[in-house]
Structure formats: C-alpha cells, structure tokens
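Good morning, and thank you for coming.

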Amino acid sequence: MARSHRKTTPAGRKLIKDFEQFSTTPYICPAGYWTIAFGHLIRKGEVFTSVTEEEGEAILEKDLYTAERAVLRLISVPLSDSQFDALVSFVFNLGSGALQSSTLRMKINRGEYSAEVAVQFMRWVYAGGRKLNGLIRRRRAEADMYCMSANMGLKQAA
C-alpha cells in the first residue's frame, strides 16, 4: 500500500536552508559537485547561469519532494516530525543512496530510537576525503533534531 506524501516541517526547511544557504550562481561544493540555489546538485542536462531567490525556492521544493519520498520509501517505522525532518536533511545533503546503504537506516528500521542512532549521523562528516567542520555541525544539528522528540539530543560527538 502506498504511503501518502509527507512534507518537511518549517523547522526542517529552516535547518536545510541554514546549512545550504542560497547562491544565485553555480559553485563547486566541498564534495566537488556543481551546485546552485539552496544546495541543488546540477545534474547532467541542466544549465544554470543564475537563479533568482524565487526560482531557488521552486528548485528547493522539487529537491525536498525527492528527499521526502526517499525517506518514506526507505524507512519502515513511524517517525516523529523532527525525526522525519532530520532524515530529509540527511538525504537532501547526501542523497538517498547514503541512507539506503547506511547503518543509520538499519538501526532506525529495527526500531532503535536510542542515542546510538544519533551517533550514526556523525559518521557522515566527510566530503572529498576530508572531515569538514560544516558537515560536523550539520550532522550534530540533524542528530539533535532526530532525538528532539525523545529528549535525548546529541550534544558532543566524534
């Protein structure tokens, strides 16, 4: 049975936008990919010279939809809004393949809602073979958001 679509909350959108920030012109992200707007990975066949913030918001909506669908497809247990938002941010940043192959997903689908799940976020702090402070901050924020409903936020990790 197909699940109805679930949307990222305003808090989840804010988390993503705070870390992605907005760029009117293409740039190469730390992982080495051409990117524009709110962290949109420019795919083969897409051509951008610049975008307005309004166009960036429309691109963000499409990218969020893709990330939301991936979380709904890959996670088989009920999630609170904060858990869903944290996982959407994770997929938005890393892609659905990262969640699909992760120990994070395995632990969540086993129903392990412990702080150990939050620690799994911190394994994903590398880009281009380097540990990046921005990714450490983002994963910590996602882990804290994930654990928010259980009041077991990750304050320090890795």
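First, a word on the source. This is a predicted model, in which local features need pLDDT of at least 70 and side-chain atom pairs count only at pLDDT 80 or more, while totals for chains, interfaces and linings use all residues. Residues are numbered from 1 along each chain as its sequence is written, and side-chain values use heavy atoms, with hydrogens and water left out.

Let us start with the aromatic rings. Rings of Phe, Tyr and Trp (for Trp, its six-membered ring) are a pair if their centres lie within 6.5 Å; planes under 30 degrees apart are called stacked, over 60 edge-to-face, and the rest tilted. How many such pairs does a search of the whole structure find? It finds four aromatic pairs. In one of them, the ring centres of phenylalanine 90 and tryptophan 124 are 5.6 Å apart and the planes stand at 85 degrees, so this pair is edge-to-face. Phenylalanine 90 belongs to helix α3 (residues 81–94), whereas tryptophan 124 sits in the loop between α6 (115–121) and β4 (126–127), so the pair ties together parts that are 34 residues apart in sequence. On these labels, helices (H or I, at least four residues) and strands (E, at least two) are DSSP runs, numbered from the N terminus.

Are these two residues buried or exposed? The terms are set by relative accessible area: buried is under 20%, exposed is over 50%, and partly exposed is in between, with a 1.4 Å probe and protein chains only. Phenylalanine 90 is buried, at 0% relative accessibility, and tryptophan 124 is partly exposed, at 27%.

A further pair is that of phenylalanine 121 and tyrosine 146, whose ring centres are 5.8 Å apart with planes at 55 degrees, so the pair is tilted. This pair also links distant parts of the chain, since phenylalanine 121 is in helix α6 and tyrosine 146 is in helix α7 (residues 133–147), 25 residues apart. Both phenylalanine 121 and tyrosine 146 are buried. Phe90, Phe121, Trp124 and Tyr146 form one aromatic cluster.

I turn now to the packing of two helices. Two packed helices are described by the angle between their axes and the distance between the axes. Here, the axes of helix α1 (residues 10–20) and helix α2 (residues 53–74) come within 13 Å and cross at roughly 115 degrees. The axes are lines fitted to C-alpha atoms, for helices over the stretch in contact, and angles run from 0 to 180 degrees between N-to-C directions. Which residues make the contact, where contact means heavy atoms within 4.5 Å? From α1 there are Arg13, Ile16 and Lys17, and from α2 there are Glu57, Leu60, Glu61 and Leu64.

Next, the interior. In soluble globular proteins, nonpolar side chains tend to be buried together. A nonpolar core is a set of buried Ala, Val, Leu, Ile, Met, Phe, Trp, Tyr and Cys residues joined through side-chain atoms within 4.5 Å. The largest such core has 31 residues, of which Val71, Leu87, Leu99, Ile108 and Tyr146 touch the most other members. The elements giving two or more residues to this core are α1, α2, α3, α4 (96–100), α5 (103–109), α6 and α7. Another core, of six residues, lies apart from it, and Met122, Ala127, Leu132 and Leu135 are among its members. Leaving aside neighbours within four places in sequence, leucine 99 is in contact with residues including Val71, Leu87 and Phe90.

Two residues deserve a remark on their backbone. Most residues other than glycine have a negative phi. Glutamine 21, although not a glycine, has a positive phi of about 55 degrees. Glutamine 21 is in the loop between α1 and β1 (23–28) and is exposed, at 54% relative accessibility. Alanine 37 likewise has a positive phi, of about 60 degrees, and is not a glycine. Alanine 37 lies in strand β2 (residues 34–37) and is buried, with a relative accessible area of 1%.

Finally, consider asparagine 93 in helix α3. Asparagine 93 is partly exposed, with a relative accessible area of 26%. The C-alpha atoms of asparagine 93 and phenylalanine 19 are separated by 9.4 Å, although the two are 74 residues apart along the chain. Leaving aside neighbours within four places in sequence, asparagine 93 is in contact with Glu20, Leu135, Arg138 and Arg139.

Note on methods:
Contact means heavy atoms within 4.5 Å.
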